[in-house]
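Please consult the sequence and the structure shown here.

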Amino acid sequence: MTSTNKLLAVFIIIVGLMFIGCLEDPTSNDEPGTVDGIVTNANTGEAITGAIVNDGTSNVATSNAGGNYSFQIDEGTYTFTCTAEGYNMQVAEETEVDAGESINIDFQLQPVTVVTIENNIVGNTTWTNNNIYLIDGEILIQAVLTIEAGTLIKFKESARFGVLGNSGGKIIADGTNLMPIVFTSWHDDAHGGDTNGNGGVSTPEKGDWYNVGITGVDNQSSFNYCEIYYGGGYQNRYVMHLDSDTNANVMNCVFAHNESNEGALDASLAASGTIIQSNIFYDNTWPLSINCSYDIDYSNTFYDPDSRSVVNDHNGIMVEGMTVDEDITWSETDVPFVIDGGELEIQIGKSLTLSPGVMIKLLNNDWEVHGTLIAEGTMTQPIWFTSYYDDSVGGDTNNDGSVTSTSPGDWDYLKVMETGNISSFDYCKFYYGGGAGADYTLELFEGSIASVTNCTFVHNKGNNECVLNAWHAEAGTQIAFNQFYNNERPLRIK
């Protein structure tokens, strides 16, 4: 046999052995692993029946009468949680499950104790997640209250928190994605069981309890991964209120099923350091109210993630404090910013930037731009300035079905003022403006050198002064590639 033939024979033998080895492999990546264990009371060792094990995305097992559970799952790394009514959640993080192998995870759940809170918080206090805290009455917080992740707080009728920042009051409520902090009604049996002990006779409703009110200059209370349900009962106003000049952080929270004519989260008085990001709002009257002192990005969600059709009664962001005294940016595009009445003023040296796709709805409102307004959309994501009654943009924000309809002059005007003002409008749509006898929708006042390009002006009043009134504008003003139709008079220049 030649050397070449010998090498070929050896190669064939090796490949054959590898093939046989693959056939004999008792496990494969397609074969699931098995997870089993027992769920017991951490204090007594007794088995817990009906405990639910979750793999991070769905429930995968329920413990039987002996506390045992078992399920199969694909190979991978998982964070398993175990919950049972009347017990705190337990988490098994970063658990490796191998194909064809079994792994044992025993859960020892800590029973929850109901602690009734009837007295004010006057010293620094920590609430732990092995208790349910039942709030009875108005509780004034005059020190730092720290709330552990996974803690459940229930409120009786008319109960509320008043966080008095000027007396040292502050709430630090930092939950996690797996262990949120829940603020809810004591009729809510879905969280923590039948706390009111009536056997499920009552059900939670919007407005069951009042609210959480944060006061005090530069009060840096923090709410992260919190869930706030069934509040807003005091005059149906809000469930969380950030008072004048507070700088609270509200992030990754859920606001749902709340009475909230002034916004489930009312931040209309909050100061420039306020952060409102990555929250979820649904089934509230109004979800959010803001002012013009801080940014609003595109991270908040205004529908139920599990059922996108469930939104808020008035699915928009109310703007109430209307003086732009900081450089701010609005980027939310899922719902409109709603400005109902009054005058919005951008102060000299300050700016408001609107991101592509932002919708502004107005009613009986005018803007005076002494600073800079940057409204630069795109062909596919224009920026809208339209009527509060315009259901074709951002939906039925005023929540009246077809009772009201749009008309030219529903809102007033935008006036760009001050010498050298370089405000910019690109790919904007101006609909239904020119009200209150203004005779224009957008005016470039004396000395301004703003640009208006690729914009559309439709259904506006503008008789004597025209819809786009630029006859005071200075050299350097750019007006190009705009469309005008169905207006009274379109454009005036000098």
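The points below treat strand pairing and then salt bridges. The model is a predicted one.

**Strand pairing**

- An open sheet is built from 4 strands in the order β3-β2-β5-β6, with antiparallel pairing.
- β3 and β6 (90-97) each have a single partner strand, so one side of each of these edge strands is left without a neighbour in the sheet.
- From one strand to the next, the twist averages 25°.
- β2 (residues 52-54) pairs with β3 (residues 59-62) over 3 bridges in the antiparallel sense, and Val 53 stands opposite Ala 61 in β3.
- The hairpin of β2 and β3 has 4 residues between the strands, and Gly 56 in the turn has a positive phi of about 100°.
- β5 (residues 76-83) and β6 are joined by 6 bridges, again in the antiparallel sense; Gly 76 has Val 97 in β6 as its bridge partner.

**Salt bridges**

- The count of salt bridges comes to 5.
- In one of them, the closest N and O atoms of Lys 156 and Asp 136 are 3.5 Å apart. The two residues lie 20 residues apart, Lys 156 in the loop between β14 (152-155) and β15 (160-164) and Asp 136 in the loop between β11 (131-135) and β12 (138-141).
- Glu 138 and Arg 160 form a salt bridge at 2.7 Å, N to O. Glu 138 lies in strand β12 and Arg 160 in strand β15, so the pair ties together parts 22 residues apart in sequence.
- Arg 160 is buried, with a relative accessible area of 18%, whereas Glu 138 is partly exposed at 48%.

Methods. Residues are numbered from 1 along each chain as its sequence is written. This is a predicted model: local features need pLDDT of at least 70, side-chain atom pairs count only at pLDDT 80 or more; totals for chains, interfaces and linings use all residues. Side-chain values use heavy atoms; hydrogens and water are left out. Two strands pair if DSSP finds at least two bridges between them. Axes are lines fitted to C-alpha atoms, for helices over the stretch in contact, and angles run from 0 to 180 degrees between N-to-C directions. A salt bridge is a side-chain nitrogen of Lys or Arg within 4 Å of a carboxyl oxygen of Asp or Glu. Buried means under 20% relative accessible area, exposed over 50%, partly exposed in between (1.4 Å probe, protein chains only).
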